[in-house]
Amino acid sequence: MNVNYWLRSKPLVIGGLLVILLLLFMLTGLFYTPYEPNEMNTAMRLAPPQASHLWGTDNFGRDIFSRIMEGAQTAFLIGVSSVSIGLTCGLVIGAVAGYFGGWLDEVIMRFIDAMQAFPGILLAIMLVSVFGPGLNNTILALGLMSIPSFSRIARSGFIQYKEFDFVKASIAKGAGAWRIIIRHILPNMVSPLIVAASLGFSGSVLAEAGLSYLGLGVQPPDPSWGRMLSEAQPFIINAPWYVILTGVVLTAMVLGFNLLGDGIRDIYNKKG
Amino acid sequence: MLATTVLLVSVITFLVFQVLPGDPAQIILGVDADPHQLAALRQTMGLDRPVAERYMTWIKNAVVGDLGQSLRYQRPVADILAERVPVTVSLALLSLTLTLAIGVPLGTLVARNDGKWPAVWLSALTQLGVAMPSFWLAFILILVFSVTFRLFPTYGYIPWGEDPLGALRSLFLPSLALAIPGIAVVTRYLRNTLLDQSRMDYVRTARSKGLREKGIMYRHILRNALIPVVTIIGLIITDTLGGSIVVENVFALPGLGNLLITSIGTRDLPLVQTLVLYIAILVVGINFVVDLLYKVIDPRIRLKR
């Protein structure tokens, strides 16, 4: 692996740095936050950024920086878990549709088409409105929401690779279908899947923010950037830093994972 | 194709609401309702019949526009929708207009100056455009244009019939917030298709004939590069409709998205179900029209058949 070659890709470097910084930010928050995130201080309501509260305080006098730190844990948790759900289900569905093909492929793809007719967040909203809000249901809804795109990517990969000679050779040697899928084809698809996972991660973080802003996502006391933004909205004039800083961190995370995904794609496209 | 998708969309929407824990009749009448009343309401709502039959009734009514009564508003759902649809549709159309009116010139500009620093920075900005949540963008636009410059109202909607200029003003910021991710996508996509097209043989032919660069750009390259852009318009409209669910709530615009969220809040699930179905079918319909449009615009696709 040529490190210099990787470092020449600007999206990869910037995205990677952003993701590493946010990861450190989140990990630090597990052990240390400047203030207890839920500690209220009525004497310091809506205080602007200053030495004692670097990013100011909210309407209950809680330290915004500490709360954003804690929110990062939820963002990473939701990103990782919903991508895991989407990726796992998408891989199985994509493998069945792509590798076996035939009528099964036809049925699955019609179903995926129908799921993609629900614009992004609408599918999640529908699921959450039925199952109820909360951290677990939000993860489940966002995971289900991302299944169609993962399935499509996996399917096109399996369709492409099943015609390769090494697959035909394995079939001739008597390997079973699932052995070929997992041991022979899957390792070839790691790069596109990493790209999809990275872009899916930022999609989930964005959707979670939207859901929680609407009051349908993560519920108190679980911290969430989306809910912080909805709490900050009434104070947009008196405390603009609250809205701005929360959104900047959220955008930084989405941007980081988008750039990371784009950067990895550029590199394997050039190689392949 | 279209029919199967619409059918599946309706089945998914119907089935998701079937797994709902609890009995809708119980939700309406409350926990300590009279069992006879409960049974009677179940019968009028059709809850005592099999799932397949209920689906058939539901879909038949949805097609003829008899959408039943809303639990909360105690009014026909069709009437409520008739008030809300124009808001969301104006918002989507205005946002699409902004997307194309800004995205196409911007994409052309970036492609013409490929490699120079302003174009590189603009490309970087498009990454930011897709990374910002539209409702946060809406906050920032409110801060800049409503609070600081006092150019637009911070929230609310003025119907077109009352004051067309006021309506435009009340819809401008929400449309812009919805359009910015789309502008970023169009800019980036058009830049790539323009650069691809400019390497084609017909461009070399045009140059060797001695045509001016501007003429080649606008009469030859741009026309061909815009064709693939049509395919992403369907995608952008889908995203706009999804985004408007959130943005309508930021600006308290009385559209479909706003209705959807209030209905979830009041557990008016029949209304939620209908709204989800209609929005999804709208998306399928728009994508179908965009596909047709693509065939009309690009003569090669018609010839291939």
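Two residues are taken to be in contact if their C-beta atoms, placed from the backbone, lie within 7 Å. In the predicted model described here, local features need pLDDT of at least 70 and side-chain atom pairs count only at pLDDT 80 or more, while totals for chains, interfaces and linings use all residues. Residues are numbered from 1 along each chain as its sequence is written, and chains are lettered from A, with ligands numbered from 1, in the order in which they are written.

Among contacts in chain A between residues at least 6 apart in sequence, 69% join residues at least 24 apart. Chain A contains eleven helices and zero strands, the helices (H or I, at least four residues) and strands (E, at least two) being DSSP runs numbered from the N terminus. The C-alpha atoms of the chain fill a box of roughly 75 × 50 × 30 Å along the principal axes.

The contact between the chains takes 35 residues from chain A and 37 residues from chain B. On the side of chain A that touches chain B, at least two residues each come from helix H4 (102–116), helix H5 (121–131), helix H9 (190–213) and helix H11 (240–271), and H11(A) gives the most, with nine residues.

Within chain A, the axes of H5(A) and helix H6 (residues 135–161) come within 9 Å and cross at roughly 145°, where axes are lines fitted to C-alpha atoms, for helices over the stretch in contact, and angles run from 0 to 180 degrees between N-to-C directions. The residues making this contact include Leu123(A), Leu127(A) and Phe131(A) of H5(A), together with Ala141(A), Leu142(A) and Met145(A) of H6(A).
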